Amino acid sequence: MSVRYFAGLACAVALIASPALAETFPVHIQVDASKTEGRLDPIWRFFGADEPNYATMKDGQRLLTTLGALKPRQVYFRTHNLLTTGDGTPALKWGSTNIYTEDANGNPVYSWTIVDHIFDTYLARGVRPYVQAGFMPEALSSHPQPYRHEWRPGLDYAGIKSGVAYPPKDYGKWEELMYQWVRHCVDRYGQAEVETWYWETWNEPNLDFYWGGTREEFFRLHDTTVRSIRRALPNARVGGPDMAGSNPQWLNAFMDHVTQAGTPADFISFHAKGAPKFIDDANGGHVQMGLNVHLQTADQGFATIAANSTFKSKPIVIGESDPEGCAACQGPANAYRNGTMYSSYTAASFPRLMALAKRRGAHLEGALTWAFEFEDQRYFAGFRQLASNGLNLPVANVFKMFAMMDGDQILDVSDHQAPLDAVLTSGVRGAPDIGSIASFDGRQISILVWHYHDDDLAGPDADIHIDLAGLPKAFAKGAVVTQYRVDSHHSNSFTAWKAMGEPLAPTNAQYAELQKASELVGIPLAPARIQKGVITLDLDLPRQGVALIVVTPQK
């Protein structure tokens with residue numbers, strides 16, 4: 001794509017500079033608000049977690065409030081264990097609703113209390129359900145014992161498999177359960193509301209951990225589930241299979257089956273994960289991310305779906321899209337999570353996912369971040385989460401940045417953004433990736449800039465020069481510029497906690513300070529004058545930092 005040079009003198013606007021290393025290197029970004037590249041879809045607005053009951057607890061409710069405020073009524077939450085038998089007490093990779101039991105004669109007994117409380121909690125905070133039909137109630141499981149797993153961090157992951165993972169012993173009772181559940185939701189929340197939800201079957205049925213039956217038994221479960229949902233709500237949005245990875249053979253078999261069976265499909269879903277590892281070095285070791293693995297899995301899924309004549313135009317949701325595979329696991333390779341590795345990875349990954357889908361001609365509707373919070377754990381315990389003990393982590397603030405981008409994607413080019421194919425092939429292992437994405441909604445121009453590298457090692461700041469051209473007449477009197485930052489010194493509760501000495505139980509005063517540090521704060525800057533249709537913006541951005549520049553007309 002050719003890009004014209006943005007000519008003209010410009011007014012320099014001093015943006016916040018973070019403490020820099022002795023060296024910096026220059027980066028030039030060109031943005032043209034007059035050149036649109038199509039609608040900027042908010043693919044980031046999907047979240048999820050294994051543990052459904054955390055949503056109703058104190059910090060879970062607080063975080064849902066934060067997520068719902070990002071884009072009210074357009075944020076979706078997916079969770080496992082909505083049909084699992086139990087009393088609703090949460091634990092790592094576990095939860096329950098007791099939605100289905102049977103009496104002494106084997107007759108169904110439905111209980112909506114816990115699941116209603118979960119959905120009520122979502123909806124009261126502007127979040128909508130992405131409903132997963134799973135896992136198998138104990139009374140329906142064809143292999144019920146042992147039912148409750150005893151997995152905990154450090155143990156073999158295979159230990160999560162239990163009676164929840166098996167096909168139903170009676171498909172008729174399963175079908176009636178799904179029908180009654182959907183009818184109950186329509187009665188409680190209204191048809192128009194429930195028609196906005198996503199309904200998908202099971203989780204990762206191609207993995208033995210989560211599906212103890214055959215592939216054909218899953219296909220039968222899927223067909224039965226969709227049939228019962230549509231019987232209860234003819235316009236329900238249904239899809240699947242939310243498979244682990246994007247194995248073409250498995251995915252093609254699913255698409256062929258659904259096509260031949262005539263099973264409705266409003267969206268198709270799979271999961272894509274990265275692969276971080278711990279690298280031993282002279283300084284004690286560091287984490288190296290695997291962004292390329294994440295992107296390769298997504299690209300393979302896009303290519304497989306786009307090649308299918310029936311599914312090529314269907315919306316795609318990457319039902320779990322993350323740097324690695326286990327939110328509740330801990331360990332050296334997961335040490336990226338509390339700090340700016342996670343936030344900069346997130347900023348760099350979403351635009352690449354959109355670019356890959358566009359190149360394949362695939363319709364990417366969502367990339368779901370499988371991260372929420374873990375209630376009443378120690379501060380910054382090393383889980384993959386968006387908040388810790390009610391404190392937003394840096395990654396949560398990147399989602400706040402994405403939420404401020406709306407309208408059309410506009411032309412932007414960074415001379416230090418790693419080429420898409422290079423990142424797809426080998427990640428970001430050589431020169432750092434200083435990339436950008438920009439939007440314009442008719443009034444506000446938003447420019448997101450990231451400084452990413454796969455290796456969690458120190459490096460020089462990027463001395464970034466942005467030329468913003470193509471401004472409409474509304475900017476004739478000048479522009480108001482606000483900067484938002486996520487780095488080691490801004491919008492970062494983790495570094496604030498470390499600076500306190502890593503208190504095990506912060507005092508009220510310390511907690512208030514941490515809350516303040518956890519928020520994304522905008523810093524208004526001096527109004528910018530426009531010379532020859534161009535605004536010049538300059539900022540230093542440290543490695544693993546993310547910045548959002550918001551430009552609006554001066555009144």
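**Ground rules.** The model is predicted; local features need pLDDT of at least 70, side-chain atom pairs count only at pLDDT 80 or more, and totals for chains, interfaces and linings use all residues. Residues are numbered from 1 along each chain as its sequence is written, and side-chain values use heavy atoms, with hydrogens and water left out.

**Helix α3.** I took helices (H or I, at least four residues) and strands (E, at least two) as DSSP runs, numbered from the N terminus. I checked the length of α3, residues 171–189. The expected span is 1.5 Å times one less than the number of residues. For 19 residues that should be 27 Å, and the end C-alpha atoms are 27 Å apart, which agrees.

I looked at the start next. A side-chain oxygen of Asp-170 comes to within 2.9 Å of the backbone nitrogen of Gly-172. Just after the helix, Gly-190 has a positive phi of about 95°.

I then listed buried residues (under 20% relative accessible area, 1.4 Å probe, protein chains only). In α3 they include Trp-174, Leu-177, Met-178, Trp-181 and Cys-185. An α-helix has 3.6 residues a turn, so residues three or four places apart point the same way.

**Thr-263.** I found Thr-263 in the loop between α6 (248–261) and β10 (267–273). Is Thr-263 buried or exposed? Thr-263 is buried, because its relative accessible area is 10%. Contact means heavy atoms within 4.5 Å. Leaving out residues up to four places away in sequence, Thr-263 touches His-222, Asp-223, Val-226 and Val-258.

**Largest pocket.** I used a 1 Å grid over the protein atoms alone: a cavity is a set of points where a 1.4 Å probe fits but cannot get out, a pocket is an open set with protein on both sides within 12 Å along at least five of seven lines, and lining residues have an atom within 4 Å of a point. A volume is the space filled by probe spheres set on the points, which are joined across faces, edges and corners.

The largest pocket has a volume of about 920 Å³. Its lining has 30 residues, with Glu-37, Pro-351, Ala-355, Lys-358 and Gln-409 nearest the centre. Helix α8 gives the most to this lining, seven residues.

**Cavities.** I counted five cavities of 30 Å³ or more. The largest cavity has a volume of about 110 Å³. Its lining has 13 residues, and Lys-93, Phe-135, Ile-160, Val-164 and Tyr-210 lie nearest the centre.

How values were computed: Buried means under 20% relative accessible area, exposed over 50%, partly exposed in between (1.4 Å probe, protein chains only). A polar contact is a pair of N or O atoms within 3.5 Å; within protein, one must be able to donate a hydrogen and the other to accept it, and residues adjacent in sequence count only if both atoms are side-chain atoms.
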